[in-house]
Amino acid sequence: MTGELRYVYAVTAPLHASLPADLRGVAGSVPYLVEHAGLAAVAGRVPEADFAEEPLRAHLEDLGWLEETARAHQRVVDALTARTCPLPLRLATVYRDDDGVRRALEEGAEEFHATLRRLAGRVEWGVKVYAQRAPEPAAAPRAAPASGREFLRRRRQEVTARENVLEEAEELGRTLHAALAAEAEEVRTYPAQNPQLSKVPGQNLLNAAYLVPRERSDAFVARVEQLGGHDPAVRVELTGPWAPYSFATSDTGTTGTGTTDTGSTGTETTGTKTTDTQERVHDGAGA
Amino acid sequence: MTAPAPEPYAPRGPVAVDSQQPLARRQVSLVDLLDRLLGTGVVLTGSLTLGIADVDLVRIDLRALISSVNARVPSPWEGGQPL
């Protein structure tokens, strides 16, 4: 296990701009291009001792290793996204050698080209809506309930107050989603995130991705801010611009408004995405 | 808020903005990142060292731990049904 494997980040059209000289990807390796079939795979040399099947499986159970690897993967995709239209691959796509990478390009060429055409010039924005915790109903000093009946009455009031807040938040979420879907070319909704795992407060009511032409991104973001920025019943979180991860497989996106399938993410081949994305990013994606 | 000093190379990646703190731009969370890197993106078949089955195995393990799915909190927009 002293050899090297090829970790592949993305598939793009042939790059006309070079990658930043100091860009480092997974395992600290320098990304390079494997060109074939009118496409380029962006790859890096990684140690077999870490990325062969067995060690990789063990590593992927280690959250610290996983985060480091995921951030490095994203760093390379981001650098590509600033230059071209990359189709990001699933994390930890590994080949034995460059010939294996070329074969994958060859086999997927037709679909890669089609997907690259479909997604050229688009970026993905993620929007999540959370219900804000109901204001503590009458948390102010209050006499202890005088009776069991009084206690139950208060409990009912509290529950009703919470339900009203939730209903208002849901309504606002639906309105926001419909408005954003109208601005987007494709939409994909995801299952709500579990608050215990995401460690953010409030119930997640909407978790969706929107495919938006890059030149309309500013308008899209303004719409999010306009519709979601001021209501105390909800907290709206916007992430982006992403390379169009959620639309990179041909069956995942649906056009038009509204709902899209959620749930299991397919294992289909091929996707594409694009984008370069200059705006709205001040912080480095780094540490 | 000032941007941190650039790292060796700091590409302009996605950031998170929150309606409660609209001026603060954060690095995207690990959960959001893994949702995309493990749940979306192109899956190549062929001469993978790590086969699809292994990827799915990883995803199943991580889904329980990390990613999103909470059957008791379905998205209200799924299938157009309100909660």
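## Overall scores

The predicted model has an ipTM of 0.73 and a pTM of 0.74.

## Domains of chain A

Chain A is assigned two domains: domain 1 spans residues 4-119 and domain 2 spans residues 122-255. Their C-alpha centres are 33 Å apart.

The contact between the domains involves seven residues of domain 1 of chain A and seven residues of domain 2 of chain A. On the domain 1 side, the elements that supply two or more residues are helix H3 (63-81), strand E4 (87-88) and helix H4 (98-119) of chain A. By residue class, this side of domain 1 of chain A has five nonpolar and two polar residues, and no charged ones.

## Confidence in chain B

The average pLDDT of chain B is 56, and 35% of its residues score at least 70. Among the parts of chain B, helix H1 (residues 30-39) has the highest confidence, with a mean of 81. Helix H2 (residues 52-65) of chain B has the lowest, with a mean of 48.

Two stretches of chain B are modelled with pLDDT under 50. For residues 49-55 of chain B, the model has 17 contacts beyond four places in sequence. For residues 64-83 of chain B, where pLDDT also stays under 50, there are 46 such contacts.

How values were computed:
Residues numbered from 1 in each chain as written. Chains lettered and ligands numbered in written order. Predicted model: local features only at pLDDT ≥ 70, side-chain atom pairs only at ≥ 80, totals over all residues. Domains from an automatic or database assignment. Helix = DSSP H or I, 4+ residues; strand = E, 2+ residues; numbered from the N terminus. Nonpolar A, V, L, I, M, F, W, Y, C, P; charged D, E, K, R; others polar. pLDDT = per-residue confidence, 0-100.
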